[in-house]
Amino acid sequence: MKQSSASLPDVLAGPILRRALPDRLVIWLVGSRPLDLTLTLHVDDAESPSQRFALDSSLCRRIPVGEHAWLHLIDVPLTAPLPYERPIGYDLRVAEETADATQGIADWAPHLLYDDADRPCFVLRSRFDLLLHGSCRKPHHPSEDGLVRADEHVAASRNSFERMPAALLLTGDQIYADDVAGPMLVAIHALIQRLGLFGECVQGAVVEDADSLYTHPDTYYRREHLLPAFEANDKLRERFFGGVRKPVFTTSSAHNHLITLAEVMAMYLLTWSPTPWSLIEIKRPALDDSLAETFDAEASIIAAFREGLPLAARVMAHLPTLMIFDDHDITDDWNLSAAWEETAYGHPFSRRIIGNALLGYLLCQGWGNDPDAFRSLWPTLTALFEQRDLEGRLDCRTQDALIERLHDFDHWHYQLPSTPPLVVLDTRTQRWRSERHRHHPSGLMDWEALSELQQTLLGQHSVIIVSPAPMFGVKLIEGIQRLFTLAGKPLLVDAENWMAHRGAASVMLNIFRHTRTPGNYVILSGDVHYSFVYDIEVRHRQRGPRLWQITSSGLKNEFPTRLLDVLDRLNRWLYAPASPLNWFTKRRPMHIRPRYPQGASHGERLWNQAGIGLVTLDAQGRPASIAQLGVDGSTTYFLEDD
């Protein structure tokens with residue numbers, strides 16, 4: 001039975017502080033009804049008066065995604081610029097429906113406040129010289145949460161603005177739409193029911209609509225059976241629901257793959273906020289003994305994840321938080337090759353699965369990075385949520401039309417006018433497809449996108465680049481990926497890296513060698529579920545550019561320990577600086593020196609612990625300190641080899 005809004009809290013998730021500049025403030029929030037909001041800004045400076053904004057429709061888009069779930073996309077231009085290097089408190093006051101009164105964040109989300117504070121605050125840094133960054137936050141991975149560790153760092157730093165990070169960069173896999181624990185999926189369906197998240201039709205599957213999907217006997221752990229039993233769908237089953245064992249990396253488990261937009265939206269709410277969990281009850285569905293055992297094991301991990309959510313939400317309310325997708329935000333191996341795209345986009349069911357995840361990304365992640373980029377989509381998007389059918393479901397044709405536009409959309413990447421400039425790459429939707437071998441991995445960016453990147457970089461002294469996948473990875477693992485690609489099995493080893501496509505690799509390396517592009521590149525990456533740092537120089541160039549590949553992964557994910565130890569050791573043996581094997585790699589024009597994690601034994605270069613990266617830059621935009629903040633409370637610095 002669906003609830004009335006009177007029995008629900010006004011705010012379900014947020015605020016999450018997104019793009020924050022002296023002349024603009026962007027905030028994401030979800031309410032159980034369209035909220036009458038007032039934003040107040042309080043600068044810790046007697047010379048700067050407080051600012052107050054009534055958030056009408058020109059400053060806040062209110063989008064219903066359910067009967068009792070409304071996105072509030074807040075975008076406020078500031079005529080009186082906010083100062084740098086000063087704590088700026090903010091509050092969002094909600095007008096009550098039944099009384100002439102308002103409540104602030106301290107009333108409706110006290111978990112977002114530190115002990116002695118009456119409101120959240122942030123600091124605008126004049127330089128992007130201190131950054132937290134991480135990727136790969138899988139709720140049911142058996143580790144603590146790197147965002148909780150980030151909150152600990154902010155709690156210890158917030159009274160010294162020079163120690164406050166300029167931003168929190170989430171560099172991919174903020175959710176795992178393709179790998180969902182059974183208890184999480186049960187929670188998703190309970191939340192859909194409680195909030196009345198909108199249903200939809202489903203084409204190309206055994207079920208015809210969302211309600212039938214949620215109640216189908218195969219909806220938990222067996223979603224591959226929902227496809228029609230035709231031989232033509234065998235590849236589709238393997239692509240989305242196959243559980244393919246991967247001999248180098250990990251075991252993929254997509255049997256609970258998210259399908260509907262309501263499921264995607266509920267996943268975001270449950271991943272980013274503790275409040276929705278208080279509205280639902282999780283009951284184990286009817287499962288056989290083996291799956292029941294799996295469910296119970298996952299339930300204990302999800303319970304621990306839930307306990308850390310107040311702290312994870314708090315850090316995102318205090319730091320400008322910028323994001324970019326990687327494959328698990330949508331589906332595993334998303335756009336890996338031309339053959340993958342033909343299979344996935346050639347079937348209405350999988351096309352809808354991908355489209356719903358991409359729409360959820362737009363609403364919950366992409367918009368806050370750069371609201372201006374999505375203006376052309378708003379008429380169709382608004383129509384989708386306003387023009388529902390007689391049963392309250394999303395209109396199928398409007399939904400498909402919007403998904404078609406999202407598949408063709410080419411501005412997911414973005415920049416920030418920071419110092420140094422922040423350039424965030426889209427390495428998923430503008431790929432350089434192999435024309436000769438459809439099954440070979442595509443380049444992570446095509447020629448046009450790389451040319452645009454070069455134009456962006458011209459004339460800059462230093463730059464921070466976010467590339468979800470490392471531009472410079474572990475040579476041995478890249479070599480193994482190449483062998484599996486040559487054998488026609490790139491899917492088995494996630495064979496997508498910058499060096500896997502000759503054209504993309506060559507153009508990228510030429511950009512670095514160009515005389516008018518920056519002298520200092522800091523490249524922040526994730527994806528691989530371990531952390532490492534490379535110092536890189538271009539060979540045969542005096543005063544050539546310096547590059548630093550800094551990889552932090554994962555926030556809540558880790559690589560199989562024994563396997564990583566073996567790969568790390570073999571990589572050091574086979575690709576030592578004097579090894580002739582280096583001359584057979586595409587990056588031979590580069591001199592690459594790995595750093596070693598402080599306290600590592602046996603010459604280790606790859607660090608395998610959930611946590612979050614912390615990078616400090618000097619006045620020239622070069623790393624002065626590179627560390628990994630572990631979920632166990634440790635701080636591990638990456639040191640140059642003497």
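Which residue forms a salt bridge with arginine 314? In this predicted model, the partner is aspartate 151, and the closest N and O atoms lie 2.8 Å apart. Arginine 314 sits in helix H7 (residues 289-318) and aspartate 151 in helix H2 (residues 146-157), so the pair ties together parts that are 163 residues apart in sequence. Both arginine 314 and aspartate 151 are buried.

**Salt bridges**

The structure has 32 salt bridges. Side chains of opposite charge can pair when their charged atoms come close. Three of these pairs are set out below.

| Pair | Closest N and O atoms |
|---|---|
| Arginine 314 and aspartate 151 | 2.8 Å |
| Arginine 352 and glutamate 200 | 3.0 Å |

Arginine 352 forms a salt bridge with glutamate 200. This pair links distant parts of the chain: arginine 352 lies in helix H9 (residues 348-369) and glutamate 200 in the loop between H3 and H4, 152 residues apart. Arginine 352 has 6% relative accessibility and counts as buried. Glutamate 200 is buried as well, at 1%.

Arginine 351 belongs to helix H9 and glutamate 404 to helix H11, so the pair ties together parts 53 residues apart in sequence. Glutamate 404 is partly exposed, with a relative accessible area of 35%. Elsewhere, salt bridges with shared partners join Asp535, Glu537, Arg546, Arg593, Arg595 and Glu640 into one network.

Helix H11 spans residues 396-408 and includes histidine 407. Histidine 407 is buried at 19% relative accessible area, because buried means under 20%. Beyond its neighbours within four places in sequence, histidine 407 contacts Tyr345, Arg351, Ile354, Gly355 and Leu358.

The structure holds 1 disulfide. Cysteine 201 and cysteine 396 form it, with sulfur atoms 2.4 Å apart. The link is right-handed, with 90° about the S-S bond. Cysteine 201 lies in the loop between helix H3 (182-195) and helix H4 (210-215), and cysteine 396 in helix H11, so the pair ties together parts that are 195 residues apart in sequence. Cysteine 201 is buried at 16% relative accessibility. Cysteine 396 is also buried, at 16%.

**Helix H12**

In helix H12 (residues 447-457), Ala449, Leu450, Leu453, Gln454 and Leu457 are buried. They cover an arc of only 145° around the axis, which puts them on the same side of H12. An α-helix has 3.6 residues a turn, so residues three or four places apart point the same way. Glu448 and Gln455 are exposed on the other side of H12. The cover over the buried residues includes strand S14 (422-424), strand S15 (462-466), helix H14 (502-513) and strand S16 (520-525). Just after H12, glycine 459 takes a positive phi of about 85°.

Methods. Residues numbered from 1 in each chain as written. Predicted model: local features only at pLDDT ≥ 70, side-chain atom pairs only at ≥ 80, totals over all residues. Heavy atoms only, no water. Helix = DSSP H or I, 4+ residues; strand = E, 2+ residues; numbered from the N terminus. Buried < 20%, exposed > 50% of the residue type's maximum accessible area, 1.4 Å probe, protein only. Contact = heavy atoms within 4.5 Å. Disulfide = S-S within 2.5 Å. Arc of directions from axis to C-beta. Salt bridge = Lys/Arg side-chain N within 4 Å of Asp/Glu carboxyl O.
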